Amino acid sequence: MRKKYFIAALILAFLLPSCGGGEEYRKTREIMGTYVTITVARGELPEMVVRGAVRDAFEEIERVDRLMSTYKPESQLSEINRLAGIAPVKVDPEVLETVRDALDVARRTDGAFDPTVGPLIRLWKIGSEEARLPTSAEIEKAKELVDYRQVVVDEPASTVYIKKKGMALDLGGIAKGYASDLAVSLLRKRGLTGGIVAVAGDIKFFGTRDGGRPWKAGIQHPRREGGLLARLEPGDAAMSTSGDYERYFMKDGVRYHHIIDPATGLPARGLISVTVLSKESYLADGLSTALFVMGPVRALAFARAHPEVEALMVTSEGRVLATGRFSGMDIEAVEADN
Ligand code: AMP
Ligand code: MG
């Protein structure tokens with residue numbers, strides 16, 4: 001099982017600073033193998049409307065999970081993977097859109113983010129009881145099955161096809177963000193004036209708290225459980241954090257975590273935490289994973305070249321790298337030795 005207790009602490013750390021007063025409506029549910037918390041300002045809306053909107057926003061996230069989970073054999077994503085090298089699969093618009101977005105992030109990051117990382121994820125099994133260190137032969141074999149260029153999205157036909165047998169899509173690095181985008185768009189349509197949808201470390205903020213007060217967010221400290229690295233008022237934005245502390249195992253003093261560098265087939269080295277702010281949550285989610293894989297030098301150059309995303313990163317030596325609004329913040333160095 002995943003480290004749910006830690007993720008719960010993480011969510012709490014994110015939301016505690018924003019909740020004093022207690023007038024918001026908030027619900028937490030377990031979806032996508034993690035905790036999802038929706039918080040909304042009540043505004044002038046009747047209680048029934050607020051509750052109904054939040055219930056339906058959770059349903060949007062559950063729908064994404066049913067469609068795109070690799071843990072559910074009946075999901076459309078599992079069907080795409082079963083028919084790799086055999087036939088295209090007709091999918092719902094949401095699956096088409098997420099795969100298209102994932103391929104777009106892959107191209108933009110030169111494959112640091114690669115949604116066909118599935119065979120490597122299956123090999124490492126990080127986050128499950130069976131997680132183990134694979135042999136280098138196993139890693140090489142799985143690595144050959146990772147290549148986002150082998151995925152064909154046919155928009156008019158609404159199909160997704162993976163050209164090579166044995167290849168597999170894994171949308172774990174982008175689907176949580178996409179789900180929070182969908183949930184926020186539903187809440188807005190129902191007339192809600194402000195809220196937060198947090199799917200583990202993928203969080204989308206919109207509008208304000210009642211009275212026009214801004215939402216506040218905290219970024220999880222990568223080595224102090226429950227501690228905060230930074231606080232900010234994100235405004236209308238999505239914030240996504242990828243960390244090596246979320247799902248990992250230790251062996252001989254080395255941390256093996258869930259963000260895999262497709263170039264090496266090994267957990268990415270060089271950074272221990274990456275937070276990305278952007279307008280859309282799917283993009284913040286995909287890019288936080290991608291920057292994590294790129295490592296400090298490439299990630300900092302990428303973030304600087306793309307002012308539409310703002311990044312806060314911590315290197316494995318505990319150094320803090322920041323762009324955009326993060327660069328003006330006073331953030332202490334982190335003690336990191338593994
Ligand atoms: P996140 O926590 O958003 O950084 O996403 C991590 C998840 O994304 C992992 O659990 C995998 O399912 C998936 N993943 C791992 N490495 C990569 C990668 N290089 N590109 C795309 N997805 C990845
Ligand atoms: Mg991500």
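Trainee: What is the order of the eight strands in the open sheet?

Mentor: In this predicted model, the order is S1-S2-S6-S7-S10-S15-S16-S17, and the pairing is antiparallel.

Trainee: What makes S1 and S17 the edge strands?

Mentor: Strand S1 (25-31) and strand S17 (320-322) each pair on one side only. From one strand to the next, the twist averages 10°.

Trainee: How do you know that S6 and S7 pair?

Mentor: Pairing takes at least two bridges. Six bridges join S6 (residues 194-199) to S7 (residues 202-207), so the two strands count as paired. One example is Ala198, whose bridge partner in S7 is Ile203.

Trainee: Which strands does helix H7 lie across?

Mentor: H7 (residues 175-189) lies across S2 (34-40), S6 and S7, and runs at about 20° to S7. Helix H8 (residues 281-305) also packs on the sheet, touching S7, S10, S15, S16 and S17.

Trainee: How much of ligand 1 does the protein bury?

Mentor: Taken alone, ligand 1 exposes 500 Å², and the protein buries 97% of that. Around the ligand stand 18 residues; H8 gives the most to this shell, with three residues.

Key:
Residues are numbered from 1 along each chain as its sequence is written. Chains are lettered from A and ligands numbered from 1 in the order in which they are written. This is a predicted model: local features need pLDDT of at least 70, side-chain atom pairs count only at pLDDT 80 or more; totals for chains, interfaces and linings use all residues. Side-chain values use heavy atoms; hydrogens and water are left out. Helices (H or I, at least four residues) and strands (E, at least two) are DSSP runs, numbered from the N terminus. Axes are lines fitted to C-alpha atoms, for helices over the stretch in contact, and angles run from 0 to 180 degrees between N-to-C directions. Contact means heavy atoms within 4.5 Å. A residue is near a molecule or strand if one of its heavy atoms lies within 4 Å of it. Accessible areas come from the Shrake-Rupley method with a 1.4 Å probe; for residues, only the protein chains shown count as cover.
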